[in-house]
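Open the model in your viewer and get ready to select residues by number. Two stops lie ahead.

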Amino acid sequence: MNLTWKEKLAYGIGAVGKDMVYMLTASYILYYYEDIVGVSAVFTGVLLMIARVFDALNDPLMGILVAKTKTRFGKFRPWIFSGTIVNALVLYAMFAVPNGMEGAGLLIYVSAAYIIWGVTYTMMDIPFWSMIPAFTSNGKEREGLSTLGRTCASAGSALVTVITVPVVYALGAGNEREGFKLFALIVATFFIVTAVLLCLTIKEKSTVDMQVNSVKDMFKALIRNDQAMTVVIFIVLINCSIYLTSNLVIYFFKYDFGGEDWRGAMTLFNTFGGAMQILAMMVLYPVLRKFLSTTQVFLTGLGMAVVGYIVLLAFASLLGMSNVFLLFVPGFFIFAANGILTILTTVFLANSVDYGELKNGVRDESVIFSMQTFVVKLASGLSVLMASLCLAIFSISDNTEAEAAIADQSIMGLRFTMTVIPIIGLIAAAILFAKKFKLTDKRVQEISDELKQRKEEQAE
């Protein structure tokens with residue numbers, strides 16, 4: 001029996017709520033802890049890096065627990081429901097640090113809240129994606145639901161990116177601390193509603209055995225597959241570069257762009273950027289693929305991103321930051337490139353699975369794609385640490401309710417950190433790609449033909 005439109009709608013809405021929560025934390029917790037609550041930038045960076053790496057290592061353990069679960073409500077829904085409730089409560093607590101809390105008590109509070117948030121988010125995130133085979137009946141339906149889920153998740157992330165800054169300011173009547181608390185409460189409530197809707201609407205149609213991979217399995221698969229290793233390394237380099245900028249963009253608008261309407265300018269920029277990223281994935285990438293190979297498109301994307309960062313640095317240094325529409329020029333190159341690179345890193349990782357099967361006789365599909373989640377979280381942790389060190393080294397902090405001016409050298413340090421370091425990372429990724437990556441379109445077709453021939457010979 002195929003999925004009904006109600007089941008598809010419930011799953012899509014669940015993805016929206018889930019990723020709204022994730023993006024609120026991923027994009028704004030550094031700013032909230034450091035600039036509003038007053039936690040040391042270095043402490044915040046180290047905490048967030050350790051917590052995200054721990055969270056990545058915790059994914060296989062959560063997979064094992066879900067795989068062993070057997071209840072009358074199924075394998076996945078109990079974890080989605082309980083994980084969502086607890087995570088929503090912790091989300092609110094994380095953005096509702098009590099006024100007057102300071103010293104060791106403050107550090108213990110924020111550390112416990114963030115670490116528990118990561119663990120409880122994993123509680124519902126792993127079963128959310130793992131349950132797809134349990135309530136779909138065929139491969140086409142499975143692929144369609146996966147695409148729907150990813151699209152809706154991206155929509156939830158984009159929504160939070162666009163509305164957070166102006167809504168927080170409006171809810172708190174200028175008091176960002178109060179605004180974040182109220183906004184977190186709204187997002188947490190919506191998160192619970194979407195999860196309840198999902199659990200009540202969708203039922204598991206079949207019992208599936210989850211393939212759970214340990215961290216040891218992931219690294220063993222990489223060691224015997226040099227192309228997967230290459231892809232993983234340039235995923236880390238690219239994501240560290242992009243995430244570093246996204247972590248610092250709110251400081252850029254607040255202290256560099258400045259002015260009373262910096263929130264409106266940032267909202268406009270994020271809206272434009274999100275639209276460009278989606279259009280690049282849906283329109284620009286297919287157009288480029290008509291004329292270029294995947295490797296050529298990938299290098300084009302890296303080149304676009306580097307050009308965008310160079311233009312951003314030039315505009316900031318030579319023209320000043322008084323006109324947000326000037327930022328649309330570098331923004332187009334950076335966001336469009338991110339959309340293209342996001343597609344291709346997934347494609348290359350998938351191609352490395354076939355390569356590994358041909359080379360080693362073992363198809364490590366699930367293991368290698370589990371590694372993708374690990375390295376994305378690792379890159380996120382590293383970028384947060386680098387952003388925090390930038391804030392500490394260049395003394396970029398407010399810690400008051402009013403906007404505060406910062407020194408010129410601090411502004412220049414911020415500009416260079418969010419442009420020059422990403423340029424270095426992206427160039428390093430391009431060099432690694434050019435020297436080590438072998439899976440051209442021609443080679444991928446050859447591998448496919450060889451695997452097909454091998455299977456036919458085995459069948460005879």
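Select Thr120. Is this residue buried or exposed? Thr120 counts as buried because its relative accessibility is 5%; buried means under 20% relative accessible area, exposed over 50%, and partly exposed in between, with a 1.4 Å probe and protein chains only.

This is a predicted model, where local features need pLDDT of at least 70, side-chain atom pairs count only at pLDDT 80 or more, and totals for chains, interfaces and linings use all residues. Residues are numbered from 1 along each chain as its sequence is written, and side-chain values use heavy atoms, leaving out hydrogens and water.

Now show helix α4, residues 103-130, which holds Thr120. Helices here are DSSP runs (H or I, at least four residues), numbered from the N terminus.

Next, display the side chain of Thr120. It reaches the backbone oxygen of Ile116 at 2.9 Å. A polar atom of that side chain also lies 3.1 Å from the backbone oxygen of Trp117.

Contact means heavy atoms within 4.5 Å.

Move on to helix α8 (residues 226-257) and helix α9 (residues 262-291). Their axes, lines fitted to C-alpha atoms over the stretch in contact, come within 9 Å and cross at roughly 140°.

Which residues meet there? From α8, select Val249, Ile250, Phe253, Lys254 and Phe257. From α9, select Trp262, Ala265, Met266 and Phe269.

Methods
Helix = DSSP H or I, 4+ residues; strand = E, 2+ residues; numbered from the N terminus. Polar contact = N/O pair within 3.5 Å; in protein donor to acceptor, adjacent residues only side chain to side chain. Axes fitted to C-alpha atoms, helices over the stretch in contact; angles between N-to-C directions.
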